[in-house]
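Here's a walk through one protein model, piece by piece. Keep the 3D view open and follow along.

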Amino acid sequence: MIQPIAKNAAALLAGHQRDAASAARDPDAFWAAEARALQWETPFTKAFDGSRAPFFRWFEGGKLNLVASAVDRHADGPRGDKAAFIWLSEDMKSREVVTYRQLKSRVMRAAAALRGLGVKKGEAVVLYLPLTLEAVVAMLACARIGAVHSVVYAGLAATSLRARIEDARAVAVVTADYTYRRGKQVSLSTIADEALEQGCQTVRDVLLWRREPASQRPRGDGVRERHDWKELLDRAPAESPLEIVDAEHPLFILYTSGTTGRPKGVLHVHAGYGVGVAYHQRTFFNVGEDEVFWCTSDIGWVVGHSYIVYAPLIAGITTVFREGSLDHPTTSVAYDLIQQEKVNVAFTAPTAVRFFMKFGDAPPLAHDLRSLRWLTVAGEPLNPEAWNWAHRLLCGAGTTNQWGDIGDNWWQTETGGPCIATPPGAPAKPGAAGVPLPGIGVKIVGLDGREAPAGQAGALYLTRPFPHLFRTVYGDDERFRAAWDEHGYRTGDAAVRDSDGYITVIGRTDDVIKVAGHRIGSAEVESALVAHPLVAEAAAIGIPDELKGERIVCFVTLRAGAQPPADPTKLFGDHVRNTVGAIAAPSEVKMVAALPKTRSGKIMRRLLRARELGQPEGDLSTLDA
């Protein structure tokens with residue numbers, strides 16, 4: 001166990017311990033007190049109602065709009081001229097700073113534009129946009145009028161975009177002409193048009209943000225209205241009042257991969273989500289009033305929703321975010337950004353740390369990283385080698401910042417914010433996520449259905465609802481209900497707890513693959529493969545990868561009479577890339593005569609994985625010989 005070296009470690013740890021004790025005594029009172037961080041139009045009368053389990057409710061009777069807490073109160077108060085965001089382009093040549101007052105003005109105008117199109121409270125708007133200020137403004141504008149935003153990662157292909165638009169029953173789609181990826185312009189409007197041409201009958205309006213004035217103007221298709229985003233904003237009123245909503249009113253739907261081919265729409269709400277992510281911003285992320293916070297994620301994922309947009313804004317701090325990848329235009333661009341913006345706290349993925357480590361000690365040593373005092377990571381386990389390297393070179397012992405430290409943490413799209421973590425000021429165990437955070441109950445259940453003893457792996461459960469836990473799977477309450485049993489919420493992850501109470505998350509118990517922190521459903525990849533005219537059956541598995549956490553390996557059987565392709569990885573990989581998105585493209589595709597299955601017809605992916613890794617094949621009693 002590595003002892004913390006932060007200058008105020010003892011005080012930070014004491015604060016965590018006080019919160020943990022308070023939450024253990026009375027979790028409802030604990031979260032009710034934390035709810036004071038938000039601005040309420042009507043105070044709530046009851047903190048928690050679990051009478052309709054698992055469909056729980058928080059802060060009943062309360063009314064608010066989360067944008068009031070995130071934007072308006074700062075814009076209209078002493079923080080009005082403080083930088084809310086610093087945005088940087090991929091090439092680092094463009095830099096835009098927006099204050100809280102300016103942010104409110106932009107959000108109000110965008111909200112007025114959406115209202116002018118007839119977008120109503122409770123209706124869904126899909127945002128397929130680059131990681132830019134315009135995208136953040138669009139999110140907040142939807143929330144301001146009580147609409148439900150659903151951001152789709154600007155890397156998913158048309159088929160995946162269409163599935164999400166249709167599942168959300170979106171009435172509008174906001175997109176852009178292009179985004180940047182490693183120096184290249186990647187068209188988004190073309191992909192959006194392709195998705196819309198495939199169906200999406202609920203969409204009434206399509207809004208196009210033209211980053212380049214020379215880009216093609218939006219054209220009507222006889223089915224739905226198409227608008228130029230900038231022209232729409234220019235015509236919109238400057239004022240747009242907040243739509244006050246119930247505490248449990250939906251804020252956003254974010255799609256994540258489950259164990260079926262259908263995308264899973266995780267639903268979060270205004271009050272509970274806001275309370276939870278704000279608490280963790282203040283405590284775990286521990287960003288000071290005058291400090292600079294950088295989250296390297298994308299708003300297409302929950303990390304970007306929580307820790308680029310909502311939580312930092314509620315806290316009234318300054319957040320840096322950047323369009324583009326961490327390896328372009330150079331492999332040292334992250335160090336350049338920390339040095340240039342004097343970043344104090346950063347949140348990134350273990351994948352990024354392993355990427356930095358790949359290029360050695362010289363790049364970080366050539367930069368002034370003294371401002372960085374707290375580095376947090378999540379997405380998949382941070383292996384001890386990478387943890388120690390980061391502690392030595394980026395933030396901690398041996399670096400130019402003698403008071404730096406590193407904190408691992410675990411959470412999901414479904415939880416909205418961290419659940420298990422190494423809090424600032426606590427001793428760290430490289431490789432372990434940490435301990436349950438205040439207000440979070442955790443249980444590890446073995447194969448016998450009982451709580452697993454220390455050192456024994458089992459299924460990871462969250463035992464009691466907390467405010468920022470998702471409310472349901474959008475449009476599919478039964479799918480949400482199926483994630484609960486007598487132990488609580490079944491996360492789908494496997495974990496082990498040591499004798500000190502530290503928890504290490506060791507992988508998935510279901511058929512979800514985690515590539516660079518992004519969850520990819522095996523069924524979604526397999527569905528894309530089987531759609532290819534040559535493919536009869538397919539299986540996708542995750543294989544440990546030093547850089548990405550996992551990489552995707554696929555097994556394919558061909559249709560009768562089909563000729564095997566010369567390069568199956570390229571042919572079928574390109575097909576998956578074009579159907580699902582580049583993040584889901586397999587690193588390897590293998591041709592097999594048959595896939596191993598149970599007698600009931602279920603593909604035995606664990607057997608394929610064991611064979612790939614040279615591990616024992618385990619119980620084969622259900623194998624259809």
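## Two helices crossing

Helix α3 passes helix α4 in a left-handed crossing, meaning the near helix is turned anticlockwise from the far one by less than a right angle (clockwise would be right-handed). α3 covers residues 66-75 and α4 covers residues 100-116, and they pack at about 120° with axes 8 Å apart. That angle makes α3 oblique to α4: under 35 degrees counts as roughly parallel, over 145 as roughly antiparallel, 65 to 115 as roughly perpendicular, and the rest as oblique. Axes here are lines fitted to C-alpha atoms, for helices over the stretch in contact, with angles from 0 to 180 degrees between N-to-C directions.

Who does the touching? From α3 it's Ala70, Val71, Asp72, His74 and Ala75, and from α4 it's Tyr100, Arg101, Leu103 and Lys104. Contact means heavy atoms within 4.5 Å.

## A word on the model

This is a predicted model, where local features need pLDDT of at least 70, side-chain atom pairs count only at pLDDT 80 or more, and totals for chains, interfaces and linings use all residues. Residues are numbered from 1 along each chain as its sequence is written, and side-chain values use heavy atoms, leaving out hydrogens and water.

Helices (H or I, at least four residues) and strands (E, at least two) are DSSP runs, numbered from the N terminus. Two strands pair if DSSP finds at least two bridges between them.

## The nine-strand sheet

Nine strands make an open sheet with mixed pairing, in the order β5-β4-β17-β16-β18-β19-β20-β21-β22. On the edges sit β5 (95-99) and β22, each pairing on one side only. Helix α4 shows up again here: it packs on the sheet, touching β4 (83-88) and β5, at about 90° to the direction of β5. Helix α5 packs on the sheet too, touching β4, β5 and β17 (318-322), and its direction makes about 140° with that of β4.

Inside the sheet, β16 (residues 292-295) and β18 (residues 345-348) run parallel, joined by three bridges. Cys295 stands opposite Phe347 of β18.

Is β6 mostly covered or mostly open? Mostly covered: five of the five residues in this strand (124-128) are buried. Buried means under 20% relative accessible area, exposed over 50%, and partly exposed in between (1.4 Å probe, protein chains only). Ala124, Val126 and Tyr128 point one way, while Val125 and Leu127 point the other. In a regular strand, side chains alternate between the two faces of the sheet.

β6 pairs with β7 (residues 148-151) in the parallel sense over four bridges, with Ala124 opposite Val148. Four bridges also join β6 to β8 (residues 172-176), again parallel, and Val126 stands opposite Val173 there. Together, β6, helix α5 (residues 133-144) and β7 make a right-handed β-α-β unit. Right-handed means that, with the strands pointing away from the viewer, the path from the first strand over the helix to the second runs clockwise.

## A three-strand sheet

Strands β31, β32 and β33 form an open, mixed sheet in that order. The edges are β31 (535-545) and β33 (588-591), each pairing on one side only. From one strand to the next, the twist averages 25°.

Strand β32 (residues 549-558) runs parallel to β33, joined by four bridges, and Cys554 has Val589 as its bridge partner in β33. Helix α18 (residues 605-613) packs on the sheet and touches β31, β32 and β33.
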